Amino acid sequence: MPFPTIGHRDALLIIDVQNDFLPGGALAVEDGARIIPMINRLQSLPFGRVVATQDWHPRDHVSFTTTAEKDDGGDRWPPHCIAATWGAAFADTLEQAHIGLIVRKGMSPGIDSYSAFRDNDGGNETGLSQWLSACGVGRVFICGIALEYCVRASAHDAWRDGFETFVLDAACAAINDDRRGIHHDLRAAGITIMDARTLLKD
């Protein structure tokens with residue numbers, strides 16, 4: 001398919017480029033820092049809207065290995081992105097001048113929220129879908145950390161909510177170097193995998 005021309009009906013969604021997901025953080029993704037210059041360049045394209053998300057967890061969040069286990073069936077992670085701490089802050093190297101909306105997620109102690117759109121149980125919507133629709137957005141381009149979790153969940157929800165959805169693969173950090181499985185999952189759902197570098201060509 002031909003690569004799309006970016007315009008005012010397009011939104012760039014930057015997922016969780018936070019200190020705790022970068023080298024030196026509590027839940028670091030090895031190549032997390034590598035994608036930031038590309039994300040900064042993507043923000044210079046004429047997107048109608050640029051949105052960034054943050055995990056923003058309470059100290060007793062259900063996903064933490066330090067929290068008494070509850071029967072929610074979710075994943076367990078080291079404590080990370082605790083609200084208003086250094087770990088939850090955006091990376092210093094992430095340019096923020098173009099970001100028009102920040103969506104904070106995972107704020108409820110009892111349920112995790114991978115997606116930028118709603119909690120993992122399908123409830124407690126963030127309002128992002130309604131906001132994008134009100135802004136006239138029809139296509140969502142997603143980048144950030146981590147491909148297998150929050151990027152994937154956000155892409156699935158964007159598609160379900162009626163947006164044409166693209167994952168900018170080279171601008172996503174992944175935990176697993178072998179991306180074939182996640183690519184198959186996304187494509188099977190109707191989501192397009194794109195090389196972000198193609199958008200950035202002159």
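Analyst: Axes are lines fitted to C-alpha atoms, for helices over the stretch in contact, and the angle between N-to-C directions runs from 0 to 180 degrees. In this predicted model, helix H3 (residues 147-160) packs against helix H4 (residues 180-188) at about 5 degrees, with the axes 11 Å apart.

User: How is such an angle put into words, roughly parallel or roughly antiparallel?

Analyst: Angles under 35 degrees count as roughly parallel; H3 and H4 are therefore roughly parallel to each other. H3 contributes Leu 147, Glu 148, Arg 152, Ala 155 and His 156 to the contact, and H4 contributes Ile 182, His 183, Asp 185 and Leu 186. By class, these are 4 nonpolar, 2 polar and 3 charged residues.

User: How many aromatic pairs does the structure hold?

Analyst: There are 4 aromatic pairs. Planes over 60 degrees apart count as edge-to-face. The ring planes of Trp 77 and Tyr 149 stand at 90 degrees, with centres 5.1 Å apart, so this pair is edge-to-face. Trp 77 lies in the loop between strands E2 and E3, whereas Tyr 149 belongs to helix H3, 72 residues apart.

User: Which rings form a stacked pair?

Analyst: Phe 141 and Phe 166 do: their planes are at 5 degrees and their centres 4.5 Å apart, so the pair is stacked. Phe 141 is in strand E4 and Phe 166 in strand E5; both residues are buried. Ring pairs also join them with Phe 47 in a cluster.

User: Where does Arg 104 lie?

Analyst: Arg 104 is over the face of Trp 56, 3.6 Å from the ring centre.

How values were computed
Residues are numbered from 1 along each chain as its sequence is written. This is a predicted model: local features need pLDDT of at least 70, side-chain atom pairs count only at pLDDT 80 or more; totals for chains, interfaces and linings use all residues. Side-chain values use heavy atoms; hydrogens and water are left out. Helices (H or I, at least four residues) and strands (E, at least two) are DSSP runs, numbered from the N terminus. Angles under 35 degrees count as roughly parallel, over 145 as roughly antiparallel, 65 to 115 as roughly perpendicular and the rest as oblique. Contact means heavy atoms within 4.5 Å. Ala, Val, Leu, Ile, Met, Phe, Trp, Tyr, Cys and Pro count as nonpolar, Asp, Glu, Lys and Arg as charged, and the others, Gly among them, as polar. Rings of Phe, Tyr and Trp (its six-membered ring) pair if their centres lie within 6.5 Å; planes under 30 degrees apart count as stacked, over 60 as edge-to-face and the rest as tilted. Buried means under 20% relative accessible area, exposed over 50%, partly exposed in between (1.4 Å probe, protein chains only). A charge sits over a ring if NZ of Lys or CZ of Arg is within 6 Å of the ring centre and within 35 degrees of the ring normal.
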